[in-house]
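This briefing is meant to be read alongside the sequence and the coordinates.

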Amino acid sequence: MKNAYAVILAGGSGERFWPLSTKARPKQFLSLFSGRPLLALAVERVAGLIPVERIFIITAEHLVDETAAAVWNMPRANIIGEPCKRDTAPAIAVASGIVRGRDPDGVVCILTADQLISDVETFRTTLSDAVEQAQHCAGVVTIGMHPTYPATGFGYIEAGEALPSHLVTIFKKATRFVEKPDAYTAARYVESGRYFWNSGMFIWHVNVMRDLFARYAPDLSQLADQVADAVQARESIDGVLRQTYPMLRAISIDYAIMEHAENIVMAEGCFGWDDVGSWPSVAGHFTADQYGNVIIGACEQLEAQNNIVVSEDRLTALIGVRGLIVVHSENATLICPKERAEEVKKLIRRIADRPDGQKYV
């Protein structure tokens, strides 16, 4: 693993976790799970394989200080602040440039800051195998997760036959990436056994990614080259980002590269994964009471069933209600049916348009 580098993307806003998650304190800083921020858990998982000096975090510029506080054992220079939000492809171009500038034979592991993984040792084995695979193949390695239910909140990877390998992890040819499906399509995907959840984790040799950016995203290839040049010259990349980022298009790595790339290998992930993308997904990580209520904090209920309550700084009382999400924060309270949790993003936009809305989102 001497040429392996980890880059953790931590620039998301976590809108579906509002009101606890806001622009000033997004989801990766929440300590709902294990009493530590999701970002800190992400670094700890990788630190068992890759030393912290080869771990980088890419986040929003205004979150650099809070990121440094959450992962105090990391070098401050390894926390990169994006001057504006441009989705995952530009961030990954920056990551590729940083690693290539330091190590022309580097292998980049793109990970995210807002996922939960229950079996850390199996995750490390899978990642280690993926790094070895990426060192010897002329393509991108991604990690697909076995779906446990027909989720409509995840993208999917269609996988072909297993590839020959001496490694513990099973590798398959990834035939295509598909966006979040409707409920009927998701059920067909799961039933077929050919589809896996797209975890958003990618592993590749820096030269492979350089070629893919040059072919399919020349503007991002130029950004990666500028970053690599600055790193080789031992200069700060802040100036490059501030000058270049505002002119870039906002585009995900799936649209920019993965939908076009031909040689993509999928590692089967079997380590218990969840990107905890919305409040209903939280329920699976806590024990419900005898009435099906998941309670984090202080709550008293009377004939209430199957609710999710997050109320750490006050007492919440429920009488005769069922299937609700109730979340208190310092500045706002959310109450909605579980089945409408995805509409939180729509609500946030309405709140942001209020004269005083910015202080709530």
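The points below are grouped by topic and begin with the chain as a whole.

The model is a predicted one, and its chain holds eleven helices and 15 strands. Because a compact globule of 361 residues would have a radius of gyration near 21 Å, the 21 Å of this chain agrees with that expectation. The C-alpha trace spans about 60 × 45 × 35 Å along its principal axes.

**The largest pocket**

- The largest pocket has a volume of about 1,400 Å³, and of the 43 residues that line the pocket, Arg16, Asp87, Thr88, Asp114 and Lys180 are the closest to its centre.
- Two or more lining residues come from each of strand 1 (4-10), helix 3, strand 4 (107-112), strand 9 (195-205) and helix 9 (253-258), and strand 9 gives the most, with four residues.
- Divided by class, the lining of the largest pocket comprises 15 nonpolar, 15 polar and 13 charged residues.

**The second largest pocket**

- The second largest pocket has a volume of about 410 Å³; of the 20 residues in its lining, those closest to the centre are Pro19, Leu20, Arg25, Ser329 and Glu330.
- Strand 13, which covers residues 308-319, gives the most to the lining of the second largest pocket, with three residues.
- The lining residues of the second largest pocket divide into nine nonpolar, six polar and five charged.

- Rolling a probe the size of a water molecule over the atoms shows where empty space is left.
- A search of the whole structure finds one cavity of 30 Å³ or more, and the volume of the largest cavity is about 50 Å³.
- The residues that line the largest cavity are Ala42, Arg45, Val46, Leu111, Thr112, Gln115, Ile117, Phe123 and Met201.
- Helix 1 (38-47) and strand 4 are the elements that give two or more residues to the lining of the largest cavity, with helix 1 giving the most, at three residues.
- By class, the lining of the largest cavity has six nonpolar residues, two polar residues and one charged residue.

**Helix 3 against helix 7**

- The axes of helix 3 (residues 88-102) and helix 7 (residues 218-232) come within 7 Å and cross at roughly 35°, and the crossing is right-handed.
- On the side of helix 3, the contact is made by Ala89, Pro90, Ala93, Val94, Gly97, Ile98, Arg100, Gly101 and Arg102, while helix 7 contributes Leu220, Leu223, Ala224, Asp225, Val227, Ala228, Val231 and Gln232.
- Counted by class, the contact of helix 3 with helix 7 has eleven nonpolar, three polar and three charged residues.

**Backbone features**

- Most residues other than glycine have a negative phi, and most peptide bonds are trans.
- The peptide bond from Trp18 to Pro19 is cis, with omega near 10°; Pro19 is found in the loop between strand 1 and helix 1, and Pro19 is also among the residues closest to the centre of the second largest pocket.
- Asp87 has a positive phi of about 70° although it is not a glycine; Asp87 is found in the loop between strand 3 (79-82) and helix 3, and Asp87 is also among the residues closest to the centre of the largest pocket.

Key: Residues are numbered from 1 along each chain as its sequence is written. This is a predicted model: local features need pLDDT of at least 70, side-chain atom pairs count only at pLDDT 80 or more; totals for chains, interfaces and linings use all residues. Side-chain values use heavy atoms; hydrogens and water are left out. Axes are lines fitted to C-alpha atoms, for helices over the stretch in contact, and angles run from 0 to 180 degrees between N-to-C directions. A crossing is left-handed if the near helix is turned anticlockwise from the far one by less than a right angle, and right-handed if clockwise. Contact means heavy atoms within 4.5 Å. Ala, Val, Leu, Ile, Met, Phe, Trp, Tyr, Cys and Pro count as nonpolar, Asp, Glu, Lys and Arg as charged, and the others, Gly among them, as polar. On a 1 Å grid over the protein atoms alone, a cavity is a set of points where a 1.4 Å probe fits but cannot get out, and a pocket is an open set with protein on both sides within 12 Å along at least five of seven lines; lining residues have an atom within 4 Å of a point. Grid points are joined across faces, edges and corners, and a volume is the space filled by probe spheres set on the points. The radius of gyration is taken over C-alpha atoms; the globule rule is 2.2 Å times the number of residues to the power 0.38.
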